[in-house]
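Here is a guided walk through a structure. Keep the sequence and the 3D view open as you read.

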Amino acid sequence: MEGNDDSTFSELEIDTLQEIMNIAFGQASADLAEVINVFIVLSVPALRLKKAVSLSEFIRVEIGDLKDFKIVEQSYWGKSKGVALLAFPHEAELELIAMFREDSDMGIDSDMSDELDNEMLIEIGNILIGACVSKMAELLKDVVTFVPPRVITGEQLSEAFVENRFEREARVILLKTLFQIEGRELSGHLFLVNSLDSIHTLKDALRAFWKQYE
Amino acid sequence: MIYRQVFDVLNLGLVILDEGLHVCYWNRWMTRHSGFDCENIIGSPLLEFFPDLDTKYFNRSVRSVFKFGSFVFMSQKLHKYLFKFEKKVSGFQHMQQSVTMGPIKDKDNVVEHVFIVIQDVTEMAAYEKKLHNMNIKDGLTGVYNRRYLETRLKDEFDRHKRYCHALSVIMFDIDHFKSINDTFGHQYGDFVLKEVSATALDTLRVNDALARYGGEEFCCILPETTISSAMMVAERIRKNVESQENRFESTMTSAKVTISLGVSELCEITDTHEMLLKKADDALYKAKREGRNRVVSMTLF
């Protein structure tokens, strides 16, 4: 396999990583259909290498007006650290909550409905992010652990958000995909941001993946 | 198991299940709160001991841990508790719990077991509830305060815009309240405020919201209610206040209490929630001008 430069990825490595994501998301959506009775279509993921400092601006450009968005944010650790961002426009958020509420068996306290909507969104986000990241880790022979997710508004996705997680000048892998709930007008964006702290480990995992097909 | 020495002194519940939901581990905290000894429960299906756990949510959560190897964070705010343990603290009947579920993988990375960690957060939830209530309720009458009313009205207004459901409000105040205060004293005035709000509350539905707007003025938000239904509700409140004379008898004194009410419904030309309130308030003043102890509605202007 090419790409012996230790500080960056070769084209082949990027293609392999993209292929792994594609397989992972395909498996994740099939398993999600079984677990939550909802078929989620995940588009072919696009992969970018970025400087951490440019992340929030990049996401802002990708999504458009962040004002009406809510974002479920969840950090995870495996061989490298990462953060997943699941962004829903307001309308999709409400429909998603209604859909999951129908399928749950809980009473809702109307005094706290806003707060409970956020909690519900956190649970939905946890399932979707957990499925995608775990499948990705499985293919890379990695084991990941997660911290509890939280909800932020689009406006809170500032530079400070990035600075708390990655060095400003550090390079990160950004993976974006569009997800859609089959049969409903309901879609959102999923971004996975991984640090390149352990680029060697990732390169080894890619090599191992590639070897299966040699 | 050597780690048992640690797990049994934790101030947390720890349960380990296999894929068939048989209990593989049950720490001492769980024994203390459930009353089931680990000797009895280990090896048995968990649902035999806790049939209440056979819910869509619980099954989905366990399935997702086995399927994805991911974690489930169960919020107390949303679910209150997972295991129904008795604990009576400030209005709670059962122990409030924050729960984490996660995978235990074998050396080949296959999820063989799921662990469940249960944290008792009852005291914290009780403080939070108390603070939340202080923030949204009126200290004297116990109905919602004006801050809550304004937020709720805006939410209902947004909902109306989205789903086009009807929305009405009733504004009412106690007739000659100043004179009640001046004649019988402020303590009796406070008593009247409490009794009037309790009477109105008894008349309203669960989804309606009653708030003290200020002084002796109250406001009810009636979601999914047309003006004709809101008029009927208003008339029922008026009658209940007027007829339940014994409700206003205190050890101090007794007065004849009546209220005046103004009703309005959101329509296409009332394009803000403030305008809806203003219409109800105008109707209330019309009721006052027309002789008090009556209901007046404002529809189109």
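Over all chains, a search of the whole structure finds 29 salt bridges. A salt bridge here is a side-chain nitrogen of Lys or Arg within 4 Å of a carboxyl oxygen of Asp or Glu. Side chains of opposite charge can pair when their charged atoms come close.

This is a predicted model, in which local features need pLDDT of at least 70 and side-chain atom pairs count only at pLDDT 80 or more, while totals for chains, interfaces and linings use all residues. Residues are numbered from 1 along each chain as its sequence is written, chains are lettered from A and ligands numbered from 1 in the order in which they are written, and side-chain values use heavy atoms, with hydrogens and water left out.

Begin inside chain A. Lys203(A) and Glu13(A) join their side chains in a salt bridge, at 3.0 Å from N to O. This pair links distant parts of the chain: Lys203(A) sits in helix H6 (residues 199-211) of chain A, Glu13(A) in helix H1 of chain A, and 190 residues separate them. Helices (H or I, at least four residues) and strands (E, at least two) are DSSP runs, numbered from the N terminus.

Now find Asp68(A). It lies in the loop between helix H2 (55-63) and strand E3 (69-77) of chain A. What does Asp68(A) touch, not counting residues up to four places away in sequence? Its partners are Phe88(A), Pro89(A) and His90(A). Contact means heavy atoms within 4.5 Å. Asp68(A) and Phe88(A) are 20 residues apart in sequence, and their C-alpha atoms are 8.5 Å apart in space.

Move to the interface. Here 39 residues of chain A are in contact with 27 residues of chain B. The area buried between the two chains is about 2900 Å², and carbon and sulfur atoms give 54% of it. Buried area is the accessible area (1.4 Å probe) that two parts lose on being put together, summed over both. Between chain A and chain B the count is 1 salt bridge. Lys67(B) forms a salt bridge with Glu34(A), with the closest N and O atoms 3.2 Å apart. On the side of chain A that touches chain B, helix H1 (11-36), helix H3 (90-102), helix H4 (113-139) and strand E5 (145-146) each supply at least two residues. H4(A) gives the most, with 12 residues.

Finish with chain B. It holds 12 helices and 12 strands. Its C-alpha trace spans about 80 × 50 × 25 Å along its principal axes.
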